[in-house]
Each structure stands twice: as structure tokens, then as C-alpha cells.
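Subject: Structure handover

Hello,

Here is the structure I promised you.

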Amino acid sequence: MTDFTPVARTGEAPLLIVIPPTAPQKNLREVIDAAGKSGNHWNAAIPALGAPSHLATLLLAKQGKVNFTMTPYRGTAPAATDVAGGHVQVLVDSIISLQPMAKGGRVKPIAQTGAKRSSIAPDVPTAAESGYPGLVYVSWYGVWAPKGTPDDRVQFLNKAINKATEELAKAGSLASLGVEPVVESVDTFRKYIASDVAQSAGLLKEAGFKPE
């Protein structure tokens, strides 16, 4: 927010909530109910502390009013492997990363965190559809310039990048990655960053998270 100049937000992608394939729960509400009744005995795999997967898991716990035992991992692969084996009860991570395992039946997808269903997982309901309208969280992508870049150059780049994003969307290049295109002004992007940072900081503070 202080070291760079925002230029354009280009896309966003939901995260996928998965549980072990042998788990009896069939939807997000059943997962929340089971986690709530277990005390702190439900473990949530965290592929990277402070990353979108961590923040989305904190938001899931907050919206569901449950306490997960956060179990950190070094990346998505080992986290997903432990969920597949039933050693950890829930994982929230990038939809593009987890969808192959979900399609193969190695993990059970129960919800996605976008405002609408993803084109690469149209059969998986959103958290809002599952009764949790406050659980909307996405990974997002953008372009920045060095701090102090003249505004006319920033505006020129914004228009050029927005046009390129529209062309990529028309070609289907973003949909295949599970990314929804975003075309917006510099000012809107700046406000989005501020809002996202405020939400993320709030979630981490409430969880007592201390950066290493």
C-alpha cells in the first residue's frame, strides 16, 4: 500500500473447501455443525501462514462460530495429502490446486468461497448457497507500478491492461484457470486493496497471529 502504485486488478478466483473422502458430512452446514460439536478436535490444514488459504480458513471459523486447530504445512501438496488420508479434517485452498484431487475423488469438495460458482467446479455450491453469505473470499491478481509513477502513465497502463484482460477472457484463457476477469479503474483497485488489507489484518489480529 505504501511502496507501490496500484495500476489494475486483473482477476479473482474462489477457494475450495474440502474434507476427507470418507467423512460423513455432505455439505458445509454439516461440517460446521460437526466441528462445533467436537470442541477443538477439528484440524484445519494451513498450506502457508498468512496466505489466502489461512485467511479464508479464519473467515470460515469466524462465520461458522467454530474453533479449528490450525495445522501449518509447507505447501498445498502435503496438506491435501493429509486431508485425503483423513489425518486432517478440512482444507481451504486455491480451487485450481485442489480441483484435480476433488475430481479424482481423493478429497470431497463441499463448498467454494466465491460470490458465484466457478466455471471449473459448477457442481460445487458457494458458501453463501450453503447458508453462510458472509463467507465470500477470493484470491486476486493485479498489476502495480513503482511508487511515484506519473498518473498519466498509470491511467494509460490501466486502460491497456483492462483491454488485454478482456481479450484473454474472450479467448477463454482465464476460465480454464478458474479465474474470473476483473476490469476496473485505478481508484476502484486502490479502494479494493485497502478493504482487503483491512479485512485480512482484522482476521489475523483476532486469531492472535504473529508473523515470523
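The buried residues of α6 are covered by elements that include β1, α2, β6 (138-146) and α5 (151-171). Please keep in mind that this is a predicted model.

**Helix α6**

The buried set in α6 is V186, F189, I193, D196, S200, L203 and L204. Around the axis they span an arc of only 115°, so they sit on the same side of α6. The face turned away from that buried side carries the exposed residues K191, K205 and E206. G208 follows α6, and its phi is positive, near 70°.

**Salt bridges**

How many salt bridges does a search of the whole structure find? The search gives seven. Side chains of opposite charge can pair when their charged atoms come close.

Two of these pairings involve D187. D187 and R190 meet through their side chains at 3.5 Å, N to O. Both residues lie in α6 (residues 186-206), three residues apart, about one turn of the helix. D187 also bridges to K191, at 3.3 Å, N to O. Those two are four residues apart in α6, so about one helical turn separates them.

K191 has 55% relative accessibility, which is over the 50% cut-off, so K191 counts as exposed.

Elsewhere, salt bridges with shared partners join R9, E12 and E184 into one network. In the R9 to E12 bridge, the closest N and O atoms are 2.8 Å apart. R9 has a relative accessible area of 6%, under the 20% cut-off, so R9 is buried. E12 has 23% and is partly exposed.

**Nonpolar cores**

Nonpolar side chains tend to be buried together in soluble globular proteins. In this model the largest nonpolar core has 28 residues. Those with the most contacts inside this core are I17, L28, L60, F68, V90 and L135. The elements that give two or more residues to the core are β1 (4-19), α1 (28-37), α2 (52-64), β4 (90-94), β5 (108-112) and α6. Which element gives the most? That is α2, with six residues.

L60 is worth a look on screen. Leaving aside residues up to four places away in sequence, L60 touches I17, L28, I32, F68, V92 and L135.

There is also a second, separate core of 17 residues. Among its members are A80, I95, M101 and V124.

**The loop at G75**

G75 lies in the loop between β3 (69-72) and α3 (76-84). With a relative accessible area of 24%, G75 falls between the 20% and 50% cut-offs, so it is partly exposed. The C-alpha atoms of G75 and P47 are separated by 4.4 Å. Along the chain, these two residues are 28 residues apart.

Best wishes

Note on methods. Residues are numbered from 1 along each chain as its sequence is written. This is a predicted model: local features need pLDDT of at least 70, side-chain atom pairs count only at pLDDT 80 or more; totals for chains, interfaces and linings use all residues. Side-chain values use heavy atoms; hydrogens and water are left out. Buried means under 20% relative accessible area, exposed over 50%, partly exposed in between (1.4 Å probe, protein chains only). A salt bridge is a side-chain nitrogen of Lys or Arg within 4 Å of a carboxyl oxygen of Asp or Glu. A nonpolar core is a set of buried Ala, Val, Leu, Ile, Met, Phe, Trp, Tyr and Cys residues joined through side-chain atoms within 4.5 Å. Contact means heavy atoms within 4.5 Å. The arc is that of the directions from the helix axis to the C-beta atoms.
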